[in-house]
Amino acid sequence: MNNPVLIAAGTVLLLANAIAIAFLASSKKRGKAVYARRGRLAAELDRIETEGDWAALEAMEPRDIFFALSRTGEMFRFSSALTEIARRKIGSSSELLHSLSRGARSASRASRGLAAFNLRFFPDEIALPLASKWIVSEKTLRVRLLIADSLEGRIGTEQLPAFLSGLADAPFRHISNMATILRRSSELIVDHYRSRPPESMGERLFLVFIARRQPDEFCRDFLRAEALSGPEEIAPHAARILSKVYPEVLDSESFLSHRNPSVRERAIASLARTETPDAAARILSLMADPDSRDAAVSALRAITQSRPRLLDMALDRFFESKDEGERNSLAELLSSRLDTLLFDILGPRKKSILELVRVLVSRGRIYGILSFLNRNRDLLVEKEILEPLRDGAAADPALAEKMAATLSPSISARLGLAAPAKGKTEGRKPQTKWDKPLLVALLVLIVAALGFWLHSNIRFAADPAAGATLFLREYMNAFSWYSVAINSVYALILGFSILEMRKQLALRASRPSSMLFKEKILPSISIIVPAYREEKTIGDSIRALLNSQYPDFEVIAVNDGSPDGTMAALVAEFGLERFDLRYDEAIATEPVRALYRNPRIPGLTVIDKENGGKADSLNAGINIASGEYVCGIDADSLLEPEALLRAMTQAFESDEELVAVGGNILPVNGCSVSSGHLRNIALPKNGLARFQSIEYIRSFLAGRLGWAYAKSLLIISGAFGIFGRKRVLEIGGYLTRKSRLGRDTVGEDMELVVRLSRHMREKRIPHKVGYSFDANCWTEVPEDMRTLVRQRNRWHRGLIEILTLHKNMIFNPSYGRIGLVAFPYFITFEAIGPFLETFGWIVTLILGILGLLDSGSALFLFCASVLYGILISVASLAVAENQVLYYKPQETAVLILYAIFENFGFRQYMSAIRVSAYFSYLFAKGGWGKMERKGFAGVAASTPTRDMPLNASNRERGPRQ
Amino acid sequence: MLTGSLNSRKSVCELAPGVFWVGSDRRVSSLHCNPYLILDGEEGILIDPGSPLDFDIVKKNVESLCPLERITSLILHHQDPDLAASAPLFARSGMKARILTHRRTSSILRYFGIDGDWYFVDENAFAYETPSGRLLRFIPTPYLHFSGSIATFDESTGSLFSSDLFGAFSETDDAGLFADSSYREPMASFHQSYMPSHAIMHPVIELFSTLPMKRICPQHGKVIAENLSSFVDILKELECGTYALPVREALTTIGLGGPIDPVRARLEKLETKHLELESQLMRSETARRKLEHDLTRDDVTGFRNERYFRRFLSDRFEFAALTNEIGCLLGCALDPDASMGKLFGAKAKDELLAKIARFFENQVPGNASAFRTGVDRFAFFLPAFSLEDGIACAEELRAALHETDALGARVKTSFAVIDLGHFLSGGATPSERTAMILDRIDALVESAWKKGGDTVLATTMDDKDACQEPLLYVIDDDIFHVKLLEKHFIRRGYRVEGFYDGASAMQALMREKPFAIISELSVPEMDGFSLRRALLRSSEFASIPFVLCSKRKDDASINESFRLGIEHFLQKPYFMSELSAIVDSFARNCGS
């Protein structure tokens with residue numbers, strides 16, 4: 001290539017860099033201005049309402065009213081007087097009307113969604129006719145929901161048939177969502193169906209949900225009929241609603257012995273709702289029937305909460321019953337109220353209670369008893385309870401060990417138990433040993449190709465030295481072209497990312513979060529937090545997670561046999577107590593030692609288990625999780641409170657099944673953190689961490705987000721990823737030695753996504769692996785080279801492992817884009833690329849030392865690798881700063897500097913590490929490379945520098961326009 | 001045998017491996033004192049070290065076995081000077097032992113100048129485990145002869161350190177250390193004089209007899225190492241409480257002169273008559289006690305009743321007139337609806353009351369006296385408590401009762417706290433004063449209920465609320481929301497302070513109290529519920545009206561907010577006018 005072309009290319013790249021930086025600078029100011037204007041307008045509307053200053057409202061621009069309403073609607077509603085005038089003004093603006101009708105006709109789902117959302121700001125005479133025509137022809141379910149949400153409470157009899165038209169063949173979730181949204185119109189809907197009973201399954205199900213809101217005879221009879229003889233898809237729902245609204249209807253033999261177990265269960269539960277001794281007696285009598293036992297137990301459990309006297313009845317029955325199964329069930333029930341019973345052990349029911357204790361001990365269900373003993377101060381009570389425990393301990397040494405480990409030393413001494421032996425504390429290292437010949441062959445192939453190239457150069461050259469020089473020059477040139485290729489791929493993906501981000505922004509703009517928080521609109525999530533040696537941070541992390549802004553979630557912390565005080569810290573922080581729970585161990589894991597809960601914190605469960613690694617802990621959490629989705633989070637990571645909501649809205653947006661969704665991982669080093677909450681975003685102080693900051697930003701924007709757009713995303717970081725629980729169970733959970741796949745991997749997060757995608761492809765279910773551009777998770781990154789090298793080594797080994805494990809997906813058309821695009825990309829640029837790159841830099845170095853470097857090649861390499869690389873980084877940063885991050889201007893400037901510097905050493909070094917990881921994988925050096933945790937306290941020492949709280953400002957950045 | 005000749009008090013004697021008698025042969029007022037030392041691995045445990053009179057010898061004896069620095073525990077069975085008064089001297093000589101005793105005993109021990117690291121056996125399940133694993137069990141022996149008396153049983157050697165029980169006066173010439181059959185008589189007479197009654201002593205001796213004892217080491221008299229059961233049997237049957245019987249008292253004042261026949265004849269006659277009278281007296285005494293018990297105790301709870309409470313109060317004031325120190329009175333009322341409403345029948349209610357009483361008994365400080373003063377009223381007298389301590393104690397009781405699962409029902413209570421010191425001076429008659437106090441307590445409890453219950457009110461708490469200052473707290477991490485509400489309520493004439501997390505609002509509360517709080521449920525660091533929970537812990541903040549708002553409003557959060565007594569839980573988007581009306585009504589309520 002000749003120099004002028006190169007110089008021109010270089011200039012273009014430099015210019016592009018400058019433009020990106022300029023864009024970066026301008027976007028900051030824009031954000032602030034929009035924010036201030038909204039605040040001003042909203043306050044003005046509020047003033048008008050308080051003072052009744054309607055004249056001022058009349059004088060306002062329709063656009064401004066529209067703008068203010070669209071922001072405040074998330075928080076509060078204005079009086080109908082103000083709303084009426086505002087709607088009329090907005091409806092009178094031809095400009096706004098035009099954009100509404102254009103949106104409704106648009107081909108883009110996002111634009112239609114936005115128009116559907118905006119419907120709510122228009123007066124009835126405009127919105128209602130438009131909506132009833134539109135909703136009939138609308139194919140996208142989410143847009144239909146939005147139309148309904150916009151007009152809920154305003155729909156009249158004429159429009160109703162249109163809104164109900166699409167229900168006949170809609171999926172279950174859509175029907176239930178629609179019923180939730182239209183609940184204010186239930187009277188109208190019921191009237192509608194009164195004259196014309198629903199026919200299709202969809203409509204019947206819909207009416208079942210609506211009947212819950214409309215207390216009249218018609219609804220009751222409809223529900224009764226559906227519960228009694230409806231099909232399997234409807235009867236349980238009808239029974240559930242009956243048990244909530246008309247429990248007395250279910251109180252009949254035909255329901256109590258219904259063929260469908262879940263209807264039966266509801267009937268028993270509704271008996272419990274009357275909470276009378278008579279009902280309790282009847283439920284107790286149902287205990288005799290093995291099929292009804294579990295339902296009876298949970299029903300009685302609910303009653304005894306508020307009617308403690310009923311415990312006595314259960315206790316009497318327990319004492320009298322001869323049936324072993326019934327006794328077991330009663331013991332189960334009574335054990336849930338142990339505190340009450342044991343406190344009473346000196347009373348008249350002593351004999352029965354002692355008998356119960358004996359049964360519980362013989363079944364190994366001792367934790368409730370032990371926890372009571374530890375809190376009890378009454379020696380006489382203790383003496384009574386110790387007796388059966390002593391017998392149990394004598395009969396079963398394992399039980400004795402459990403007692404000794406749980407009871408306070410003085411009590412276990414009185415029980416005659418030895419102090420507990422210290423559990424084994426060795427962390428086990430995952431082993432890897434699979435098909436390496438392939439990798440060796442690949443390596444040999446690369447070396448052979450290079451060797452052949454060198455050889456042919458030497459053969460055709462005048463002398464070997466000239467041949468070798470020629471080879472080096474040719475290689476350097478090829479390396480420059482390789483750089484052009486890889487950076488172009490990055491640029492392409494960055495382009496995809498921008499498209500994906502715009503798509504997500506547009507969808508978000510049309511998404512009233514008040515609707516997302518309505519019942520069951522979003523799926524429930526179980527957040528699983530594996531913790532190994534996290535004594536310092538675990539309390540804060542869990543507390544912050546419990547404070548997530550999401551409609552329906554639970555937190556499951558898993559102590560992975562930490563040798564430090566992680567478990568003790570959890571118990572102390574949350575006042576946990578052991579409890580016994582039966583659950584299905586769908587995925588085999590290392591043994592679970594105990595489960596903990598605090599009845600006052602219903603959303604938290606803690607699992608204490610033997611050490612088995614992170615994936616094993618996640619599997620243990622998945623077993624016990626009850627959410628529709630599971631979210632794996634590192635215990636040392638900080639999740640922004642809105643992150644779950646931001647990520648999971650993809651489940652709402654997508655008509656395909658969302659199997660996995662990931663979010664950004666960003667370095668927390670340098671940010672100020674207090675009590676597990678991110679106060680201020682700041683750049684890390686440490687240089688190495690700053691390099692990683694720019695790396696992380698690039699990897700999600702010039703990487704994962706774009707891959708998600710291309711429907712080929714394969715990496716969701718283990719630090720924060722959400723997966724459909726049903727699907728994860730189907731594929732047997734994370735890869736561990738204990739799981740049914742019988743293998744360990746160090747890259748369990750990527751492996752799971754690959755296997756999920758594969759599974760869905762093989763089952764031919766339309767699905768989606770999503771990535772949310774602003775669901776942020778902040779994690780500590782290594783600040784010393786040794787830890788960083790170990791971490792990268794592990795990542796790369798994980799990648800190679802997955803490529804070999806799923807090698808039959810490579811170039812396999814039956815796996816679609818993943819087989820044909822994503823896998824080849826990983827092989828070329830991620831597995832082989834580092835070899836080419838490292839070798840390329842060595843060659844350049846050799847040429848430089850020998851003085852053989854000509855200016856043309858050097859300039860080409862500089863443009864292709866350095867300038868182009870910087871452009872990618874700066875452009876990523878510009879995009880990120882526009883929507884995701886909030887670094888201060890001077891920090892952004894520093895980041896740009898680091899984006900430049902990283903091309904001179906850091907990137908090369910990272911490539912070299914990958915090469916060495918390849919070899920260390922071949923020689924099977926295992927291990928995780930655990931980083932030294934500083935704890936958040938160390939990070940939190942930096943002083944807050946911004947006056948605006950982070951979350952508020954970030955929330956402000958989800959624009960609605 | 002380590003040192004010393006058998007059966008003399010001349011030197012240290014090893015009673016069992018590692019268990020030593022370390023006393024002197026000095027006899028003061030017919031009493032020998034017996035200090036003991038247990039050496040357990042690296043640890044020395046000193047038991048009842050004795051009086052200053054014996055200090056030098058006991059110290060020498062102890063040091064001959066182990067340096068004072070190694071003595072890590074000191075057991076004091078009760079607070080008599082003959083066993084405890086030398087403890088400060090030991091401390092001054094370099095012994096840094098933790099003191100193992102009953103909390104009630106400790107309150108008196110402090111008057112000796114004894115202080116340091118206390119180990120209250122009543123709060124440690126009446127047991128102490130040495131580092132080497134030796135278990136010492138403590139047996140409460142109440143009113144033998146102090147309410148906080150204990151005895152110690154060393155399981156590993158089977159030694160019972162029985163304190164005054166099994167003790168005896170010693171004859172001048174009998175310096176033997178081990179008891180033989182001649183010991184029975186002096187032991188019996190010692191108990192007759194010192195122990196209050198058969199009824200009190202009998203159960204304790206019964207309990208002792210169940211222990212696998214190998215020897216009994218009393219603090220006076222002799223060590224009983226053989227024929228243990230014969231000594232135990234004597235005490236099981238023995239009637240005691242001599243000084244409670246006036247006739248016998250009369251006899252002892254007459255005294256026994258010499259062998260003069262007429263006197264002897266008269267004495268014998270008297271003796272016969274005396275025995276007769278004594279058995280009569282014993283019967284009437286039993287009857288009297290039963291009657292008194294019936295009259296002064298509440299059947300359901302076992303607490304003293306209101307009658308007794310009135311008498312108790314005036315007694316206390318009489319006593320306080322001497323010391324000028326009295327204490328605090330807690331009045332407690334159960335929420336009649338919340339706790340009793342859902343029970344079936346009177347029996348269930350009584351059972352619940354009995355449980356509550358037991359719960360209180362476990363929770364109140366050891367020196368408190370408890371009374372049932374009405375159907376659902378209790379009172380607790382806390383001697384020498386300051387008002388602040390009394391309030392703290394009431395808050396603790398209130399919270400503990402509210403949170404426990406032991407009762408099977410959620411019980412809400414309100415407490416009134418009164419510093420009785422206020423009533424010490426003033427011209428009222430005792431009965432007027434008692435009436436005044438009871439009225440005051442009732443009034444306070446009533447106003448606690450008016451405030452919604454679950455509160456603690458005290459005499460000094462000024463009822464001025466923060467109402468004068470119309471300060472409103474707004475907490476949300478959505479800055480937009482906070483700013484809008486600030487503007488809105490400032491326009492309505494309130495002062496508004498905005499917070500972006502719960503923790504900083506909590507801090508600000510200490511500085512200035514708002515008349516109402518509006519909080520989002522999910523705010524960082526301390527969410528809405530945690531904040532409300534923290535507020536409920538103190539009666540002062542618990543009464544601040546609390547409005548919760550959130551996008552997330554589901555069954556779980558509604559239940560929790562109901563549990564925390566939050567009446568207003570608005571789901572976003574809410575009507576601004578509704579929030580304004582709620583806040584205005586709070587402002588009106590506290591203005592009145």
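This is a predicted model: local features need pLDDT of at least 70, side-chain atom pairs count only at pLDDT 80 or more; totals for chains, interfaces and linings use all residues.
Residues are numbered from 1 along each chain as its sequence is written, and chains are lettered from A. Local features need pLDDT of at least 70, and side-chain atom pairs count only at pLDDT 80 or more, whereas totals for chains use all residues.

Next, colour chain A by burial. Of its 961 residues, 60% count as buried, that is, under 20% relative accessible area with a 1.4 Å probe, protein chains only. The accessible surface of chain A comes to about 38000 Å², and carbon and sulfur atoms hold 58% of it; such areas come from the Shrake-Rupley method with a 1.4 Å probe.

Now select A:Phe206 and A:Phe720. These two have the most contacts inside the largest nonpolar core, which has 236 residues. A nonpolar core is a set of buried Ala, Val, Leu, Ile, Met, Phe, Trp, Tyr and Cys residues joined through side-chain atoms within 4.5 Å. Apart from this core lies another, of 108 residues, including A:Leu450, A:Cys671, A:Phe826 and A:Ala880.

Return to A:Phe206 and show its surroundings. Not counting residues up to four places away in sequence, A:Phe206 touches A:Leu164, A:Leu167, A:Ile175, A:Met178, A:Ala179, A:Leu182, A:Ile189 and A:Tyr193, a contact being heavy atoms within 4.5 Å.

Finally, select chain B. Its secondary structure comprises 20 helices and 25 strands. Of the 592 residues in chain B, 53% are buried. Chain B exposes about 26200 Å², with carbon and sulfur atoms supplying 53% of that area.

How values were computed: Side-chain values use heavy atoms; hydrogens and water are left out. Buried means under 20% relative accessible area, exposed over 50%, partly exposed in between (1.4 Å probe, protein chains only). Helices (H or I, at least four residues) and strands (E, at least two) are DSSP runs, numbered from the N terminus.
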